[in-house]
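Here are some friendly notes to read with the structure open beside you. Take the points one at a time, and find each residue before moving on.

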Amino acid sequence: MTKLNDLIAGVIRKEVLAMSAYHVADAEGLIKLDAMENPYEWPEDIKTHWLETLRDCPLNRYPDPGARRLAATIKRLNGLDESVALLLGNGSDEIIQLLLMALPQGSSVLSPEPGFVMYKQLSCCLGLNYIGVPLQSEDFSLDLPAMMAAIEKHRPKLIFLAYPNNPTGNLFDRAAIDAIIEKAPGLVVIDEAYEPFADSSYIEMLERYQNLLVMRTVSKLGLAGLRLGYLFGTPELIGQLDKIRLPYNINVLTQFSAEFALNHKTLFDQQTRLIRSERAFVFAELNAVNGITAYPSMANFILFRAPAGRANAIFANLKHQRILIKNLSPQGGILEDCLRVTIGKPDENAAFLFALNQSLISHL
Ligand SMILES: *Cc1c(COP(=O)(O)O)cnc(C)c1O
């Protein structure tokens, strides 16, 4: 055994040895409100039509390495012309990894915290110098002076800003973001994973800033199982990044299915509208619960604060009542006592709110 341990310590990079694997909670038998998934399925007739499309899918051939049809559909839906190029990834997680792999060794990467965990996880795994700049504790807004000072000090090659932010759900102030893009010595990625639930985007700013990249995903829209993310930027920059993309990273089933789904975008728009109206309902109901503070969200989830010291017990009690949400309290800092719930179907949201009230009563 020690020989094997020595072998592993000798061949695996220390950054990897120090990491823990990305944990995904087992949701078997639970109402799943932990991972920002769209709760709605497709109507039967759409499913049938989709399966017919897949019948012509050439599984024996490698997929189109440029996924040209799908790429053209995405550009058309976003009203983009030749001045903007597009890179597709196996989820936006893969795009984050690819961006980080392109950086010189030892580069600094900067992001506000709390933020999306993959920025830090993948930076550390690649041996990059990750800098987290705390958000303001009252409302999770950007601390612009702290961001500017960190940019000055660390000269980051890459800055990630999630817009809206995960896990806090808010949109950062646009004037602050503009100031960061203008000050940045390197690239700024605006991660718009929750764009379907917000009314604000940086796509139109691509013309203005050459160091700006806008990243999107179909996951939160309702296609998390397909694994498709995309990145918009200048053709020159995207061309460089495209060199390190694995040639067949978007499999043929994803290419066909995403193309089909995006051509039925009105279906997703309907579902998104339902989720947004439920978000308003859950937000109001949460804030009506004694001891709970919910934070305003422009995403498909809501972050809320439990009475001090009670988040772990509430999380466990909800799970006992078959409701799975996300407990952020163990992360500590300004997330201490915080939990995050994804907006589900109306009956799931009602079950969550009922169970939350129960958990508070049972712990008095
Ligand atoms: C969920 C999420 C992603 C990951 O999306 P995938 O395309 O499923 O990999 C990226 N960024 C943020 C902020 C997210 O919340």
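1. Let us start at the ligand. An oxygen atom of the ligand sits 3.0 Å from a polar backbone atom of D93. Please keep in mind as you look that this is a predicted model.

2. Two side chains also deserve a look here. In S219, a polar side-chain atom is 2.6 Å from an oxygen atom of the ligand. In R227, an N or O atom of the side chain is 2.7 Å from a ligand oxygen. How much of the ligand's accessible area does the protein cover? On its own the ligand has 390 Å² of accessible area, and the protein covers 93% of that.

3. Now step back to the whole shell. There are 13 residues around the ligand, and those that come nearest are D191, Y194, T217, S219 and K220. By type, the shell divides into 4 nonpolar, 5 polar and 4 charged residues. Two helices, α5 (92-101) and α9 (219-223), each supply at least two residues of this shell.

4. Next, find M118 in helix α6, which spans residues 117-125. Is M118 buried or exposed? M118 has a relative accessible area of 10%, so it counts as buried, the cut-off being under 20%. For a sense of distance, compare M118 with E82: the two are 36 residues apart in sequence, and their C-alpha atoms are 30 Å apart in space.

5. Finally, the cysteines. As a reminder, a disulfide is a covalent bond between the sulfur atoms of two cysteines. How many disulfides does the structure hold? The count is 0. C124 is in no disulfide, and the nearest cysteine sulfur, which belongs to C125, is 8.7 Å away. A disulfide would need the two sulfur atoms within 2.5 Å.

6. C57 has a relative accessible area of 9%, so it is buried. C124, at 30% relative accessibility, counts as partly exposed.

Conventions:
Residues are numbered from 1 along each chain as its sequence is written. This is a predicted model: local features need pLDDT of at least 70, side-chain atom pairs count only at pLDDT 80 or more; totals for chains, interfaces and linings use all residues. Side-chain values use heavy atoms; hydrogens and water are left out. Buried means under 20% relative accessible area, exposed over 50%, partly exposed in between (1.4 Å probe, protein chains only). A residue is near a molecule or strand if one of its heavy atoms lies within 4 Å of it. A polar contact is a pair of N or O atoms within 3.5 Å; within protein, one must be able to donate a hydrogen and the other to accept it, and residues adjacent in sequence count only if both atoms are side-chain atoms. Accessible areas come from the Shrake-Rupley method with a 1.4 Å probe; for residues, only the protein chains shown count as cover. Helices (H or I, at least four residues) and strands (E, at least two) are DSSP runs, numbered from the N terminus. Ala, Val, Leu, Ile, Met, Phe, Trp, Tyr, Cys and Pro count as nonpolar, Asp, Glu, Lys and Arg as charged, and the others, Gly among them, as polar.
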